[in-house]
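Here's a walk through one protein model, going from aromatic rings to sheets to a helix residue. Have a look at the fold before reading on.

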Amino acid sequence: MLEFLLSIRATLSARVNANMERFESDLMTFSKALLSINDISGVMDFLNNENLLFINVERVNLLLKNDLDSQPSLYYLDQDKQCQQFDYTGSTTGLHGVTMRDYCHQMDGETLYQTFPQLENHPAYDSVFNYCKIPLSICNQPLGAIEYINLTMPDDSESEKQFKLFNNMISAMIEHIIEHQTASTFTEKLTTEKNNFQVLVDVTNTVISQSTKKELIGSLLRFLYQHFGMTDLSIIQLQDGHYNQHSACFINNEIDYQCHFFTNDKLIKNAIKNKQPVFLNAIDIKKMQSDNNSPYFPSRVKTACVMPLIFRGIAVGYISFMKPIEAPYQNTDLELFKQIAARVALAMHSIKTHQASIPNQPITKFVNIDEGMGEHVIFDDIISQSEVMNKVLEQVALVACCDSTVLILGESGTGKELIARAIHKLSLRSKTDMVKMNCAAIPAGLFESELFGHERGAFTGAISQRVGRFEQAHKGTLFLDEIGDMPLELQPKLLRALQENEIERVGKNALISVDVRIVVATNVDLLRRVEEKKFRNDLYYRLNVFPIQIPPLRERAEDIPLLVKHFTRELAQKMGKTITVIAAEDLAVMSAFPWPGNVRELRNFVERSVILTRGNVLNVPVQELKTSNTLCPEPTVVNDETLSITKATSVADATLLSDGNEKTQSVVSKLAKPIIDKAAVIAALKACHGVVAGPNGAANQLGLKRTTLLSRMQKMGINSQDFRGGI
């Protein structure tokens, strides 16, 4: 009997020694892991490692909280032994109510599934026949819990003590990892904040010293390209009912600038109305790329963020950050871009203030042909800063998106075709070409054939079938220039085509359906032609759906300096010449000339000047203008951009006023009347202490309506508040 008891004692001692050896081995493994594991994924791999000898378990899950108030997160290994994270929310904690209990919990698999039936379909609790949950805590601070799935271990008090120690070591390991992650996150946050602070300092230094919008956007884009790889950027501003978008792209180490005009702000409305960032994905951008009346985005751009530029609570514009990849903007990027936008808004205000002070600076003798061009170029064709032309562009934007017939009226050379092209570019038909036809240039005998086409053998010389302009413009726009010169006998056929959307080729009786948007232009008085029975009244009323009157160049004199610069630069480049400046006095004379041939005559005159130029200063034959106008003006140059003639010489006045010609006297009256420029507006506001309306206001002093003066002040960037108190 004694021998039997001694045998049992020896067996038990051997088992205890074996368990102790396995436990000690696991302690050594824990010590090494504590120094090498830095994240929860590593802990999960370690706990589910078969090298742990003391615990015989199929798999281990962890339930951890970031803080006392947060919902727990479940960490488990999937079938491929990859660590997965499942975040419980207020609506999903019922999925595993046992996670909320801070005491040990042990049950068999059947009881677990009966108590928590939702777990049966969760991948972390597949095939459970034994479940054990132990809370994890350090210094009475709960960390979460550890779940043992299908655990087997010796049933003795010593093993239970070792198991508790085992769990305490797991708690220590997790606490170490959480502290490490917290320290790493904090260090990373400090580094990010330091880097962002340096970025903002550099942005401030980059943008605040710029004196023009072009310099601002160019320098900012270079900076963003260097730090973020951003290749495209634009600034959008509202002006006279439409938006001007100034864009820059960084290609081949060079900046390319563009100016775009649009009125459709549907997709960026939240930035405009609520002053909130608007995020645009590839689908949104693709929609706008197909609509010329929407904000401009290059084809390579896939995502964009449009932010308001806020200065003192007022939106001074909008900035569009663009990316060539489909990647969402991170919160850290968003905060940084907000700070950048605030500095750009400040820079925009500085530029506005700088430009308002230009009239007080000394007068320059020469004007640079590249100054002040970008912000006035619309559609790459139309150049304007005048109020009358801006109203025309507003009408263009309004009518472009519908298919209504447009009648463009204006003198010869005013740019009627450019307006027609702008309407086509902004329309839904812009993907097709605009078909043009000059009614005055087609012989009467060929007019019908040109317009509607003909069949082979329809008349002598018709050796092949011909498709007319109507069919060529199918699904597009047909521009009929000089419609007033259309033969009277063909006008009924045009009227029928417009009403029925059907045409007949010459020599063929079959009707052909066409879908064409009609834009017509004329430099004659169509109503007078109707009265003279030279134009059908029914056709006139059919064409006169939406008339647009283009002002002659003499009514938009402030656009002349811009046009002269543009034509000089364009023609000099074509002729291989380098012309950089124009004499301010010469530009003043050109600005005062009435230009009866309008923009066409001005361009031809500039071309003649470029041909005569040998150096870098445009050689303007001003004597031709003085002789042509029988007037020798004495110019008063205000600044590089706004040039006018304030008076004519007394000899010329006497000569012209003695002449009985009323038209000539009218020209003298217009030239003798001083043009109200920025300097005059500022002087009047100073004298009136910032008061605009009323008998003692600046509008009355300048001889303008209050609304007219306010409109001009807005365009010139002048705020009456800056002059309150006699500043």
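## Aromatic rings

Trp-595 is buried, its relative accessible area being 0% (buried is under 20% relative accessible area, exposed over 50% and partly exposed in between, using a 1.4 Å probe and protein chains only). A quick word on ground rules: this is a predicted model, where local features need pLDDT of at least 70, side-chain atom pairs count only at pLDDT 80 or more, and totals for chains, interfaces and linings use all residues. Residues are numbered from 1 along each chain as its sequence is written, and side-chain values use heavy atoms, with hydrogens and water left out.

Back to the rings. Phe-593 counts as buried too, at 6% relative accessibility. Together, Phe-593, Trp-595 and Phe-605 make up one aromatic cluster. For pairing, the rings of Phe, Tyr and Trp (its six-membered ring) need centres within 6.5 Å; planes under 30 degrees apart are called stacked, over 60 edge-to-face, and the rest tilted.

How many aromatic pairs does a search of the whole structure find? It turns up 8 of them. One is the stacked pair Phe-321 and Phe-337. Phe-321 sits in strand β12 (residues 314-323) and Phe-337 in helix α8 (residues 331-356), so their pairing ties together parts 16 residues apart in sequence. Helices (H or I, at least four residues) and strands (E, at least two) are DSSP runs numbered from the N terminus. Both partners are tucked away: Phe-321 is buried at a relative accessible area of 0%, and Phe-337 is buried at 2%. The rings of Phe-593 and Trp-595, on the other hand, form an edge-to-face pair.

Here are those two pairs with their geometry:

| Pair | Centre distance | Plane angle | Type |
|---|---|---|---|
| Phe-321 and Phe-337 | 4.4 Å | 10 degrees | stacked |
| Phe-593 and Trp-595 | 4.7 Å | 75 degrees | edge-to-face |

## Two open sheets

Strands count as paired if DSSP finds at least two bridges between them. Strand β8 (residues 242-251) is joined to β9 by 9 bridges, the two running antiparallel. Ser-247 has Gln-258 in β9 as its bridge partner.

Then there's an open sheet of 5 strands, in the order β17-β20-β23-β16-β24, and here the pairing is parallel. The edge strands are β17 (434-438) and β24 (546-549), each pairing on one side only. Neighbouring strands are turned by 20 degrees against each other on average, direction ignored. β17 and strand β20 (residues 476-481) run parallel and share 5 bridges. Met-434 finds its bridge partner in Thr-477 of β20.

## A helix residue and some cysteines

Which helix holds Phe-223? That would be α5 (residues 213-228). Phe-223 is buried, with a relative accessible area of 7%. Leaving aside residues up to four places away in sequence, Phe-223 touches Val-199, Asp-202, Val-203 and Thr-206 (contact being heavy atoms within 4.5 Å). Phe-223 and Thr-206 are 17 residues apart along the chain, and their C-alpha atoms are separated by 7.7 Å.

As for cysteines, Cys-249 is buried at a relative accessible area of 10%, and Cys-305 is buried at 0%. With a disulfide taken as a pair of cysteine sulfur atoms within 2.5 Å, the count comes to 0 disulfides.

Key: Axes are lines fitted to C-alpha atoms, for helices over the stretch in contact, and angles run from 0 to 180 degrees between N-to-C directions.
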